[in-house]
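Here is a short report on one model.

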Amino acid sequence: VVAFSMTLARMDRDKQELLYRQLRKIRTVEEAIVAHYPEQEMRCPVHLCIGQEAVAAGACCATNQDDYVLSGHRSHGHYLAKGGDLNSMISEIYGKANGCSGGKGGSMHLIDLDVGFLGAVPIVGSTIPMAVGAAMSSRMRGENRISLVFLGEGATETGVFYESINFASVKNLPIIFVVENNLYSVYSPLSVRQSGDDRIVNIAKAHGLDASRLDGNDVELVYEHVLQAAKKARNGDGATLLEFMTYRWREHCGPNFDNDIGYRSDEEYLQWRERCPVERYTRKLIGDGMFTGDELSQIDAELNDAVVRAFHHAKESPWPEMKELQEHVYAEAAGDT
């Protein structure tokens, strides 16, 4: 059973425009990857977040630029919503020298320190303790910044998740655990992996964290709850876990649809398509009289142009030189002193 909640408060127009831009930007980029991937110039796997955009957009818009954000293998939306450079991201996926990881990491190793995006790592659960460490460093330095880590519901089945939420609770750290529950770990549904609808929330509460399970396809709801958790963390009142129910439309890894292989039904997929976070927010903004269809179409056109330019930029960019092969791979020797 998926519980859905109402948005907490009416927002001003500027904030709504920002949320819409982030939603539409993520969707446009991901759909462009789908369109270009068959050209076989992006020589790395891609884990797309089409259908899940509201969690990334809402959560990152509730953070400050100097707050820390970390992610996992499905990281494009998080990187973009936190303000990561679009050209650098697309160039990285193409393996080019001006990519955000120098063309060495690809889709699952995005980073932009200028906006506080500390990185994404494909090993499930591995960035959870990194985010806890970043929160610990903020506390030790007396900085008024928080850490936010995105993880899938599958990552809550790793031992490091338990260790991390326990440490964050014991040390009262300024961190938010954002769980994107899209119902599947690769092809395994929740029913064969976890018991109880509120398992993740109950585990977090058992470790002393505030925790809630919410609608992850309502971008304003995501924003409001993450903003509340951020204020709580900045006030020294500790960690929060927010589980957002959402759904990925495409295959676990790759640009295609995979409903035909039988691990999920067309009926389930179509039900979630009806809850599309981008279309849902578009209808809300127009229905509330905050924006006209023409105004939103103009934003869409601007974003589409930017994405087209980013792909052109990536394709025309140089490859890394051979001399860079072993750079940033090994740490330099400390010396004898």
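## Strand 3

Strands here are DSSP runs of E with at least two residues, helices are runs of H or I with at least four, and both are numbered from the N terminus. The model is predicted: local features need pLDDT of at least 70, side-chain atom pairs count only at pLDDT 80 or more, and totals for chains, interfaces and linings use all residues. Residues are numbered from 1 along each chain as its sequence is written, and side-chain values use heavy atoms, without hydrogens or water.

## Pairing and crossover

Strands pair if DSSP finds at least two bridges between them. Strand 3 pairs with strand 1 (residues 68-71) in the parallel sense over three bridges. Leu70 has Val149 of strand 3 as its bridge partner. Strand 4 (residues 175-181) also runs parallel to strand 3, joined by six bridges. There, Phe150 stands opposite Val178. From strand 3 the chain crosses through helix 6 (residues 159-170) to strand 4, a right-handed β-α-β crossover (clockwise from the first strand over the helix to the second, with the strands pointing away from the viewer).

## Gly238

Gly238 sits in the loop between helix 8 (219-234) and strand 8 (240-245). Gly238 is buried, at 1% relative accessible area. Beyond its neighbours within four places in sequence, Gly238 is in contact (heavy atoms within 4.5 Å) with Asn172, Leu173, Lys232 and Ala233. Gly208 is 30 residues from Gly238 in sequence and 9.5 Å away, C-alpha to C-alpha.

Methods: Buried means under 20% relative accessible area, exposed over 50%, partly exposed in between (1.4 Å probe, protein chains only).
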